[in-house]
Amino acid sequence: MNCVRKLLLARELSAGRGILRQAAPGRDLPWLQGSSCAQRFWPVSVRSIRSSAALSRSELIPSARGDKEKDRGSRDGSLVPFDELFERAHEGDRTKAAFSRAVELFCQRDIRRRGHVEFIKAALRKMPEFGVERELDVYNKILDVFPKEVFVPRNFIQRMFNHYPRQQECGIHVLEQMENYGIMPDKQTKFLLLQIFGKKSHPVRKYQRLMYWFPRFKHVNPYPIPAALPRDPVDLARISLQRIAADLSAKITVYQMSLTDVSDAGKEITQPHIVGIQSPDQQELLAHHNPARPVFVEGPFPLWLKKTCVYYYVLRGEPLPPEEKEETIDSERNFFYPLHLDLDLDRGPWDDEEFYVDEVEEGPIFAMCMAGAGDQATLAKWILGLQQTNPILSQTPVVFHLKPGPQELQAASDSESGEEEIPQSWHAKQEL
Amino acid sequence: YISFLPQGAYSLKLAQVWAITKEEEVFPYPEISNEELEEINQFVGPVEKFFSEEVDSKRIDQDAKIPPETLKGLKSLGLFGMQIPEEYGGLGLSNTMYARLGEIISLDGSVAVTLAAHQAIGLKGILIAGTDEQKAKYLPKLASGEHIAAFCLTEPGSGSDAASIQSRATMSEDGKSFLLNGSKVWISNGGLADIFTVFARTEAVDNDGTKKDKISAFIVERAFGGVTNGKPEDKLGIRGSNTCEVHFENTKVPVENVIGEVGGGFKVAMNILNSGRFSMGSASAGMIKKLIEMTAEYACTRKQFNKKLSDFGLIQEKFTLMAVKAYVMESMAYLTAGMMDRPGVPDCSVEAAMVKVFSSEGAWICVSEALQVLGGLGYMKDYPYERYLRDSRILLIFEGTNEILRMYIALTGMQYAGKILTGKIKEIKKGNVGVALEIFVNQFRDSMGRKVDLGLVGKDGVVHPSLEESGKKLEENIYYFGAAVEGLLRRFGKTIVDEQLVLKRVADVSINLYAMTAAISRASRSISIGLRNHDHEVLLTNIFCTEAYFKNNYVMAEIEKYAAENLDDSIKKVAQQVLEKRAYICSHPLERTF
């Protein structure tokens, strides 16, 4: 009874709102779900003269919901019964089981599934709240709400025109949401869609398009990120560093594990983690670095892994001066064949396959790291660790060029200055 | 000199592939005198008898050791000093005679490698660059086999990169000796040898007075102390030969034991390596000839479907293949050996490299086909074929891998051609109308089906008329190869060094051309002097030349194309993608996406 009363109330409200809506359509837009929905809205309301009772009713309820949104707070009871269904269902936790319960509840309530379009839209909206937006079987369950075989066109005229457009649109909505979350439909989805809408209906075509593109795009990213990123910051740093380094011989070293301890004096000591990566090539580059020239620690630089942002630091040198860059080929290098020919002829233009690229010279990168804290003391420990494998670092001045990163902002204001330079030769042993 | 020299430059007569040898050097085929022939036949008999009766190859392979009595027998036959001059107690054989004995010695891979490591590289340094005192001191004992020699170049790292040599010899304060420290790996005879030719870094003063690390060669006796060796490596083939690590720890080497000059070790090493390869041709040919005898015996007695194996076309084809390869290898090996025996010091290192590449690959294919004739039996350890297969695999690897030698062949040729052609190519590039027009006319004439005549065949030709077709094919190949090489120089210039795929093709054509030349030259001689079965030789030569002609044409068509058309681009890209992931990256065929 409550429900019916609400419906009547909604009808009244919407009758008044028809004019209002046309007068100021922009105001109504925010509560509409997406622009496609908005565009659809007007023709339907105009067509409602010839449409069935179910259609006109179903048009009413979203508008009632609009009112509810507007008047949220002032009114206690919700006008929309379907949101309520979910509210009731989740009394415990917002889980997949609760969501399924709500859907089942709706299905059991009315054999004719009255208001299923609205219910499905509400369900789609609620999915992220329940954390089921990536569950294929939940989508199938939602599609299962549609009455079967009712919307399948029976003659050529029905087939020619848009048969039950709102239901078809709704079906497309479900598929669209699946698409947005990257969920690939399965055989069950296809079976349901065929049962509900029949062959060559719009939702089935949408399904076919999904099945055309999704498999093709599945492996389009050559550098895939694991579906679930590791929680442990050390593991996260590991995969991030491997991702940047892109060298399979690069070796990861955990210089320090994160640790919180209470010292003898009763002071709390926190030790951030330090994870570094260095490839044999980089080690060789560093070994040939002229110790008279400083090397720089720079960062933090951001790296996005899906929705997570991590920061890394690099150890780099300055670009080599041109006189040191020239590599002389030792004529007594190869026992078997000459490494260069003594000819006065150059490569012709037709075999020159290099593009002209405006190259910006950069210095060599010797190593990279990720750390739990971006302060200089932490990074100094990294350099100290690197000295184990790169003895030349102990003779090379290390200059810290650190920008205030977000991590530092959170940590403390101990290093306000944007750039810190230590000009004197820096030995980690003295420092620690 | 001529060879591939391009259009219009044929004022000289055709010589040979890279113009490194002259026509009169390859035609007629080199001969030895009757006395020499008699002398070598005196050696061949006993050695053949020894190998067939006293060398138990199966046991050597199983025990991974050559029994002392076999070594003693080899020593008493004088096989440890084949090329050492008679005045030092050796046999003093010429290259040709050495190649002849190599045919027999190769019947056992382990023995052949042990002997080769001893004299083809181990003591070669003393022989070609040693002083008279060094020769007098070391060669007699080496010749008798009392001392065995080993060649210590390779170090952990890589074999052909001089920069990987980390062994060091430091001069003592009195300047009378060096202290040698370092480790060498994969040293053949490392565990048996008493005398080592060792390469190590020394500090040398350059011409401009700066001190620089350079490689020097030393004669090191095991008796000097501080020489140890690891345990023999367990190998796929040539299991009886001794291969192990050798370590030198503060070994005191007197200054007199430096081979050549201090700091001149690089040249010594190169010369030793270059001079040791030619004998592989005759060795491989010897092995294949033996295999033909063994498998023919089987094919003519075994019956299948009431037919002898030898009646089947596919089996016959294998025997033809083996005969052709053996014939061409032999021809190349003895042509090269003959050229090396000419007075003076002719540099035949490129030819030797070509012989090595051709014969090692031919041997591998032929052994595999011989095994195939026997089918399942060939796979069994009861038969020697699997051992021959394992043993012959090393031929493609040692004394410079075939890949490396192809680079050597192609680059040496390119350097030579470049010197001659640079002027002309520059003219074209500058836009000299006359030269460009000449090229255009030549190309037009080529496209109209030009008759190439380098004077090899015909009335005044050096090729016998029975081989006219083959001769013409060789001429045509040489002519177009010249054009192709000129095109490459014009296109790549000195950056051709980095075009390994192109260089490999250049090397392949060169090898084929040299092989054709050798076969034609030998067959012409055989017909002319009426050797037995010379008609068979004509057949073999014609088969080889026709096949090689088509292969050459195909490869040269590839050479003329750009990287996108001859697949070089795609080949490199696939390799790059595979190597980036260090794996085969295709999805499994059973994989699904939906």
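**Exercise 1.** List the residues that A:His273 touches, leaving out those up to four places away in sequence.

Step 1. Apply the contact cut-off: heavy atoms within 4.5 Å. A:His273 then touches A:Pro233, A:Val234, A:Gln256, A:Met257, A:Ser258, A:Met370, A:Ala371 and A:Gly372.

Step 2. A:His273 sits in the chain A loop between β3 (268–271) and β4 (274–278). Strands are DSSP runs of E, at least two residues, and helices are runs of H or I, at least four, both numbered from the N terminus.

Step 3. Check accessibility. Buried means under 20% relative accessible area, exposed over 50%, partly exposed in between (1.4 Å probe, protein chains only). A:His273 has 10%, so it counts as buried.

The model is predicted: local features need pLDDT of at least 70, side-chain atom pairs count only at pLDDT 80 or more, and totals for chains, interfaces and linings use all residues. Residues are numbered from 1 along each chain as its sequence is written, chains are lettered from A and ligands numbered from 1 in the order written, and side-chain values use heavy atoms, without hydrogens and water.

**Exercise 2.** Count the disulfides over all chains.

Step 1. Look for pairs of cysteine sulfur atoms within 2.5 Å. The count is zero.

Step 2. A:Cys309 is partly exposed, at 22% relative accessible area.

Step 3. The sulfur of B:Cys152 is the nearest, 9.0 Å away. B:Cys244 is buried, at 0%.

**Exercise 3.** Describe residues 38–146 of chain B.

Step 1. The span is 70% helix and 0% strand.

Step 2. Its end C-alpha atoms lie 28 Å apart.
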